[in-house]
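Here are my notes from going through this one, written up as numbered points. Have a look at the model first, then read on.

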Amino acid sequence: MDSPQALDFVRRWASAMTRTTYVPLERADIERQLHTFLNRLVGALAAEPFSTVVATDMGRLLVEGHFTGPDSLGSTTALLGPQLLDEPRLRGVDRLPHKVVALLGELAAGYSVALRDQVLDRQEQLNRALLSAKNKAERDLRASETRLREIFAGSALGIVISDVHNEIEEVNEAFATMLGSPQEALTELNLLDLIHPEEIDTVREYYARLLAGEVTRIQEYARFTDPSGEPVWGRISATLLFDFQGGPRGLVTMVEDVTDQNLLQEEFSRQTLHDVLTALPNRQYLVSHLERVLARAKPDALITLCHVGLDGLTVINHGLGHTAGDFLLREVGSRLTSAVRGERAMVARLGGDEFAILIENTDETPDAGALSAAISSELTEPAYYRENGLAVSACIGIVQRIARQIVTTELLRDADITLHRTKSVGNGQWSLFDSRQDEVHREHYRLAASMPGALEMGEVRVEYQPMARVADGEVVGVEALVTWDHPEVGTLDHAQCLSLANETGLIGQLGGWLLDEACRQGLRWQREFDDAPPLVINLTTDQACDPDLLRRVRRLLDETQYEPAKLWLGFPAGAVSRSDREGGENAALLRELGIVILISDFGTSYLDLHCLRLLPDAPVRISNRLLAELTADPCEDSVTSEAVTAVVKLVHRAGRTAMVGEIRTAEQAEWIIELKADVAQGPYLVACTDAETLTQALRDQRRG
């Protein structure tokens, strides 16, 4: 269905035609015919492959329909151009402006040829007519020539008439304006003299093929040169002019000035390949540049890639605002460029607070350590923003490799992994790519990336480990742990699963799944055993501080009717002690539901003491990190053993239950007894097992 815009255009076009010439049709018939012309042009522009045949035919039909007034063609092209560019049906058509220009040029050419043929037909008729009609025929011929002259002079497109040797015979005002030269001066030149030197041979070949009859029309882009030497981009459409014998008499070339469009395209390309904030090359440009470097480099040439990650940019953004952060990012880009000045290097911004430096090493290029020191020195010098001296340190991951060994994607990935490993050490560090550590990290990231699928496919399951009272061995609780039965690397334990889940942000989903699965199993134990042991689930810091934790647990208790007192939730001490996190509030609210809260990961910070006041009577689980550092002979005097002893005494002095885990050897078990810990667990005491096996063990224990 045609839009009101199209119908209004047809009416305006019909009005323009009837003003410039007489058409022996009713107004409605004229509009209907022009409406058909518009639809055919729209169809030609939308069609693939694109063809201008319709425009040639339409130019002929305009002449045949007597739309041949002095301004008919000029009005037609002036109206059609904007209409076709704004036509809703043509949105999304590739290179629409160029197609419209080509179509209008073809229409004008077809119109000119048809009009010329009409004139010739009239001349032939007049030659056979009575001598008395001679004067009238001459008047008609002069009128026709006047119309053609008006079309030539008034066209918005540049038009050049030249002979078969490209010597210019005549140009219209539009072409002279385009090149900034007088019309008279241009008629003394050869058309090829106006073409940019780099394109003369190409354009000469185009015209040679046209004159040889290999093509009927030229439609190409070409650069012209104005008197100042500046290039003028033009879309040319050229065809032959024939004499009365049908031989080529000359050429007519129509030129559309597309310089502005070309400049816009170049600017768009620049913005696509550069970072808007710093004006540095972006990742896409860096990759392209690296590929070009590798293509021209000698096989044994050394290439260095530095992946730079800023430390503390968030502090500046939050403290002084993002405008200050943007200022610092621009300053960092400038200083990184200064740090490698004199090298064959490219500095790029990869996004956020990360930059890259690609260096084609020479004999003078400093080693990795000196290079890192130079970069750090540049960055730590304060830059002043509104009287605030801003500076940041940076972590740097460096990969150095000879050109023949480089695969672009792998080099970028290795630099990223190296930076990630460097950041885990601390701020202001640098490290060189290590192939042995790389294998470990790649395997770790591969496992992390595949873990969501493993959870969905049922490869991740819940295992249970009893917690025994040290004094008599009685089971006082069962901890639910996650295990991943990986088809390639084997079984991954709870700690490994949590580490991998943290990498991909799966920890919240995994923790929620563990809570649901374990509580449903615990409910089955409650229904079968009157004295079923409590279910222990240790939360991660993110889970403990999750604003949605209370709602999730309350919903789970409502759905399962699980007895709250039989559910023990371990809250990391660090999550409870920090006032800016919701861990302490979540723990207090869950206690009000009747759930037992225990303090886990205790003893690694002096802030942990604050938890003893916030959570009265809560059992305390000593940090596994302390226990993991114990030697094979844990009773030996050492800083770690003394620290664990002191922590347990502190817990007892506070009137709390002291719990320890990860008991893996007989010596550790004996030491825990001497330590007078209250509750212990670990592979040495009871290994993790599945729910079915543990259920059978509980049954056997009741029978015995």
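This is a predicted model: local features need pLDDT of at least 70, side-chain atom pairs count only at pLDDT 80 or more; totals for chains, interfaces and linings use all residues.

1. The chain holds 27 helices and 21 strands. Of its 704 residues, 46% are buried.

2. On overall shape, the radius of gyration is 42 Å, whereas a compact globule of 704 residues would be near 27 Å. The C-alpha trace spans about 135 × 65 × 50 Å along its principal axes.

3. What share of the contacts with a separation of 6 or more comes from residues 24 or more positions apart? In this chain that share is 63%.

4. Now to helix packing, starting with helix H2 (residues 27–46) and helix H3 (residues 53–64). Their axes are 10 Å apart and the packing angle is about 165 degrees. Since angles over 145 degrees count as roughly antiparallel, that is the label for H2 against H3. The crossing of H2 past H3 is left-handed.

5. Which residues make that contact? H2 contributes Phe 37, Arg 40, Leu 41 and Ala 44, and H3 brings in Val 54, Ala 55, Asp 57, Met 58, Leu 61 and Leu 62. Sorted by class, the contact between H2 and H3 has eight nonpolar residues, two charged ones and no polar ones.

6. H2 also packs with helix H4 (residues 72–86), at an angle of about 50 degrees and with the axes 11 Å apart. These two helices are therefore oblique to each other. Here the crossing of H2 past H4 is right-handed.

7. For the contact of H2 with H4, the H2 side consists of Leu 38, Leu 41, Val 42 and Leu 45, while Leu 80, Gln 83 and Leu 84 come from H4. By class that gives six nonpolar residues, one polar and no charged. Leu 41 is worth a click in the viewer: this residue is listed in the contact with H3 and also in the contact with H4.

8. On to single residues. Is Ser 162 buried or exposed? Ser 162 has a relative accessibility of 1%, so this residue counts as buried, the cut-off being under 20%. Ser 162 sits in strand S1 (residues 158–162). Setting aside residues up to four places away in sequence, Ser 162 touches Glu 167, Ile 168, Glu 169, Gly 250 and Leu 251.

9. Ser 393 lies in the loop between strand S10 (388–390) and strand S11 (394–402). The relative accessible area of Ser 393 is 25%, so this residue is partly exposed. Beyond its neighbours within four places in sequence, Ser 393 is in contact with Leu 310, Asp 311, Asn 427 and Gly 428.

10. Last, Asp 700, which belongs to helix H27 (residues 691–703). With 40% relative accessibility, Asp 700 counts as partly exposed. How far is Asp 700 from Gly 512 in sequence and in space? The two are 188 residues apart in sequence, and their C-alpha atoms are 31 Å apart.

Definitions and conventions:
Residues are numbered from 1 along each chain as its sequence is written. Side-chain values use heavy atoms; hydrogens and water are left out. Helices (H or I, at least four residues) and strands (E, at least two) are DSSP runs, numbered from the N terminus. Buried means under 20% relative accessible area, exposed over 50%, partly exposed in between (1.4 Å probe, protein chains only). Contact means heavy atoms within 4.5 Å. Axes are lines fitted to C-alpha atoms, for helices over the stretch in contact, and angles run from 0 to 180 degrees between N-to-C directions. Angles under 35 degrees count as roughly parallel, over 145 as roughly antiparallel, 65 to 115 as roughly perpendicular and the rest as oblique. A crossing is left-handed if the near helix is turned anticlockwise from the far one by less than a right angle, and right-handed if clockwise. Ala, Val, Leu, Ile, Met, Phe, Trp, Tyr, Cys and Pro count as nonpolar, Asp, Glu, Lys and Arg as charged, and the others, Gly among them, as polar. The radius of gyration is taken over C-alpha atoms; the globule rule is 2.2 Å times the number of residues to the power 0.38.
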